[in-house]
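Reader: I am new to this structure. Please take me closely through one part, the place where the two chains meet, and then show me what lies around it.

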Amino acid sequence: MATLEIKNLHARVAEEDGEQILRGVDLEVKSGEIHALMGPNGSGKSTTSKIIAGHPAYEVTDGEILLHLEDDDFGDLEIPDDVRTWNLLELEPNERAALGIFLGFQYPAEIEGVTMTNFLRTALNAKIDEREELLFGEDDEEEEEEAGYDTSPMEGNVDDGEVGVAEFQKLLKEKMELLDMDEKFMQRYLNAGFSGGEKKQNEVLQAAILEPSIAVLDEIDSGLDIDRLQDVSKGINALRDEQGTGILQITHYQRILEYVEPDHVHIMLDGKVVKSGDASLASELEDKGYDWVREEVYEAA
Amino acid sequence: MSAQLPANLSAETVREISDARDEPEWLLEARLEALEALDELELPDVIQTPGRRWTNLEALDFESLVDPLNQADETTRESPEGVVVLPFTEALSEYGDLIEERFGSVVDPESNYLTALSAALFTTGTFIYVPEGVDAEDVKIRAEMNSRSLFSHTLVVTEESSSVTILEAIESGDSVDDARYFSNLVEIDAGENSYVQYGSLQNLDEETYTYSLKRADADTYSTVNWIEGNLGSRLTRSDVETELNGEASETKIVGAFFGHDDQHLDVNARVWHKAENTTADLVTRGVLDDEARSVYEGVQDVGRDAWSTNSYQRENTLMLSDQSEADASPKLIINNHDTEASHAASVGQVDAEDLFYMVSRSIPEEQARNMLVEGFFVPVLEEIAVDEFRDDLEELIAARLR
Ligand SMILES: Nc1ncnc2c1ncn2[C@@H]1O[C@H](COP(=O)(O)OP(=O)(O)OP(=O)(O)O)[C@@H](O)[C@H]1O
Ligand SMILES: [Mg+2]
């Protein structure tokens with residue numbers, strides 16, 4: 001069971017006189033839990049998610065982000081006792097991902113020339129390699145240099161890596177079926193020319209392949225039609241049920257929460273989590289709007 | 001005169017080259033004419049921006065670079081059935097009349113100083129002849145330069161309704177310590193309704209100065225597609241040009257370059273629309289690392305009689321280092337407004353959001369950057385018809401990234 005612990009996180013834009021965006025965020029997400037993070041436009045939700053993943057545009061000025069791992073987090077892999085708590089802020093983004101952090105983007109990048117299959121298999125193998133390195137120390141440098149040499153943008157790394165081409169194809173097909181995604185996407189370039197909804201669906205597919213401990217999904221529901229919303233919800237629930245992923249779901253709408261039922265709902269205002277509750281908080285919010293939260297919070301203050 | 005004439009360059013030298021190869025009189029005359037013209041000719045134009053001349057050809061020391069009587073190369077030629085692929089000299093005995101008629105008809109030897117020098121001194125090159133109705137795939141010419149200087153002349157003639165795909169690759173053989181000079185002229189005379197793809201991959205060692213002019217004359221309904229890959233050399237000046245002379249003729253000029261260290265790449269793509277319903281698509285993608293520099297000029301010239309023209313041009317340069325420099329000038333000249341045209345150029349770095357997207361999915365930054373660079377070249381790779389060429393180019397790109 002993994003726990004993502006965000007304590008008193010303060011952050012600003014990493015530029016001279018960069019704006020302060022986060023002013024003390026506290027959140028805790030455990031494996032198997034579903035959290036919804038809501039809040040008005042510009043309140044700092046996406047910023048929080050990007051800082052968790054390690055986006056270089058932000059500078060953390062105070063607070064910390066910890067990831068606590070437990071024995072069963074990486075399947076059969078034994079996690080040594082002394083590497084069970086990680087200060088994410090000290091890790092590179094790819095290292096965070098290797099330890100099980102996944103960020104589903106509000107606006108996923110479109111990458112011409114890199115096929116989905118190549119990208120995802122490369123990512124999966126890189127994750128396995130990097131995780132071993134982090135848990136058990138440097139692995140053989142030579143081996144690393146050799147891997148990834150004979151690669152091509154059309155077919156990907158020809159060297160087999162941990163997960164070979166055939167095995168990966170099978171895995172990908174299986175996950176695509178679960179999400180009701182057309183196989184043709186496998187050979188297409190990453191998000192290039194994908195519709196808004198297809199991109200979001202692809203984010204969930206990637207999470208399903210990479211099997212994160214904690215997935216932060218930023219507005220995964222925006223721009224989805226009714227059918228796709230159900231497919232995506234099914235994918236998120238499967239992540240939680242089958243892989244025990246903890247979900248932090250950023251959303252503006254009650255709609256997705258009917259399919260992906262949150263255990264906890266948090267409301268962010270002006271760079272802070274100001275109110276938390278159970279699923280009923282989301283419906284209350286739907287009725288009363290953010291002014292109600294604002295009044296409550298600022299009157300108390 | 002814009003360049004010093006090498007002292008060892010005389011009519012005598014030219015005669016010696018021609019005699020040694022047992023050439024017909026007309027070719028000797030053509031060589032001597034080119035030699036004579038040298039005095040009057042200028043070096044090719046280069047891009048200038050305020051206070052700066054990007055490619056300084058004047059600084060080349062032709063005196064020491066050019067060693068006309070000691071040219072050596074090792075060239076292999078693979079030809080599918082039905083098409084004639086011969087060393088230029090050997091072709092003269094059987095195809096002399098045709099060669100006499102077409103030699104210099106597309107690339108005027110007196111275009112500039114460097115073309116004239118090449119016409120006067122060339123000792124290698126290929127003659128490719130595709131008879132009427134023949135479809136030929138995968139003509140492969142692999143040349144190795146084994147001397148201080150080497151001048152090459154290639155002539156491609158395609159007859160009516162024929163088609164051919166060609167790969168020409170040049171690299172350095174025995175290494176010579178000093179600077180070298182390689183000159184490559186290619187002319188394509190594309191007959192009615194014929195199709196030519198001419199792919200060229202230059203990977204010479206980084207002591208070599210390269211000049212290359214490739215030009216096609218596209219007849220009615222013909223298509224000439226160029227793929228120009230430049231990875232090697234110390235300095236390259238490359239011009240790839242098509243004249244769309246026939247109605248409904250088409251051309252693509254696709255370029256890829258990847259410079260590193262202090263390489264200098266001056267690449268140019270030009271098309272002249274001279275007839276109705278002609279189509280051109282110019283696509284160049286370049287990457288620069290270290291202190292490498294690139295200059296690009298693309299010209300789409302839509303003539304007065306070119307009604308109903310389509311003409312597109314895109315150039316993108318990706319900089320991997322702060323010390324690299326690039327200049328791009330896409331030019332569109334329109335003399336007939338019944339035209340659909342676009343032209344654009346960009347110079348930029350690897351997109352930070354793209355990179356973050358990839359690293360956030362576990363891919364280490366350097367590997368992610370390499371994948372983005374390889375992906376950047378995909379639009380060029382996708383155009384290549386000869387598989388071996390695509391594999392080679394991919395491999396050279398990958399090797400340079402690691
Ligand atoms: N890189 C940046 N540079 C400058 N300002 C930024 C940057 N990133 C975020 N901001 C600002 O920080 C504030 C919070 O942005 P953020 O994207 O986190 O909001 P959000 O809660 O996700 O909003 P939405 O619901 O509209 O997606 C906004 O005012 C935004 O303009
Ligand atoms: Mg947002």
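Author: What follows starts at the contact between the chains and then moves to single sites within each chain. Keep in mind that this is a predicted model.

Start with the contact itself. Chain A brings 39 residues to it and chain B brings 24. Together they bury about 2,500 Å², with 66% of that area coming from carbon and sulfur atoms. On the chain B side, three residues stand out. B:Phe356, B:Tyr357 and B:Arg361 supply 31% of the area that chain B buries against chain A, more than any other three residues.

Now look at the charges. One salt bridge is counted between chain B and chain A. B:Arg361 makes it with A:Glu203, and the closest N and O atoms are 2.8 Å apart.

Which helices of chain B carry the contact? Helix α6(B) gives the most, with six residues. By class, this side of chain B has twelve nonpolar, eight charged and four polar residues.

Next, chain A and its metal. The magnesium ion (ligand 2) is coordinated by A:Ser46 through OG and A:Gln106 through OE1, at 2.0 to 2.3 Å. A:Ser46 sits in helix α1 (residues 45-53) of chain A, and A:Gln106 in the loop between β6 (101-104) and α3 (116-136), so the pair ties together parts 60 residues apart in sequence. A:Gln106 counts as buried, at 16% relative accessibility.

Another buried residue of chain A is A:Thr251, at 0% relative accessibility. Its place is the loop between β10 (246-250) and α8 (254-259) of chain A. The side chains of A:Thr251 and A:Asp221 are joined by a polar contact of 2.6 Å. A polar atom of the A:Thr251 side chain also lies 3.0 Å from the backbone nitrogen of A:Tyr253. Beyond four places in sequence, A:Thr251 touches A:Leu37, A:Met38, A:Asp221, A:Ile256 and A:Leu257.

Salt bridges occur elsewhere too. The structure holds 40 of them over all chains. One joins A:Lys173 and A:Glu183, at 3.8 Å from N to O. A:Lys173 lies in helix α5 (residues 165-178) of chain A and A:Glu183 in the loop between α5 and α6 (196-210), so the pair ties together parts ten residues apart in sequence. A:Lys173 is partly exposed at 37% relative accessibility, and A:Glu183 is partly exposed at 42%.

Finish in chain B. B:Asp266 forms a salt bridge with B:Arg237, the closest N and O atoms being 3.6 Å apart. This pair links distant parts of the chain, B:Asp266 in strand β15 and B:Arg237 in strand β13 (residues 235-244), 29 residues apart. Both residues are buried. They also belong to a network of salt bridges, which includes B:Arg215, B:Asp239, B:Glu241 and B:Lys331.

B:Asn268 joins this picture. It lies in strand β15 (residues 264-273) of chain B. At 5% relative accessibility, B:Asn268 counts as buried. A polar contact of 3.0 Å connects the side chains of B:Asn268 and B:Asp266.

Definitions and conventions
Residues numbered from 1 in each chain as written. Chains lettered and ligands numbered in written order. Predicted model: local features only at pLDDT ≥ 70, side-chain atom pairs only at ≥ 80, totals over all residues. Heavy atoms only, no water. Contact = heavy atoms within 4.5 Å. Buried area = accessible area lost by both parts, 1.4 Å probe. Salt bridge = Lys/Arg side-chain N within 4 Å of Asp/Glu carboxyl O. Helix = DSSP H or I, 4+ residues; strand = E, 2+ residues; numbered from the N terminus. Nonpolar A, V, L, I, M, F, W, Y, C, P; charged D, E, K, R; others polar. Donors = N, O, S within 2.8 Å, 3.2 Å for Na, K, Ca; no water. Buried < 20%, exposed > 50% of the residue type's maximum accessible area, 1.4 Å probe, protein only. Polar contact = N/O pair within 3.5 Å; in protein donor to acceptor, adjacent residues only side chain to side chain.
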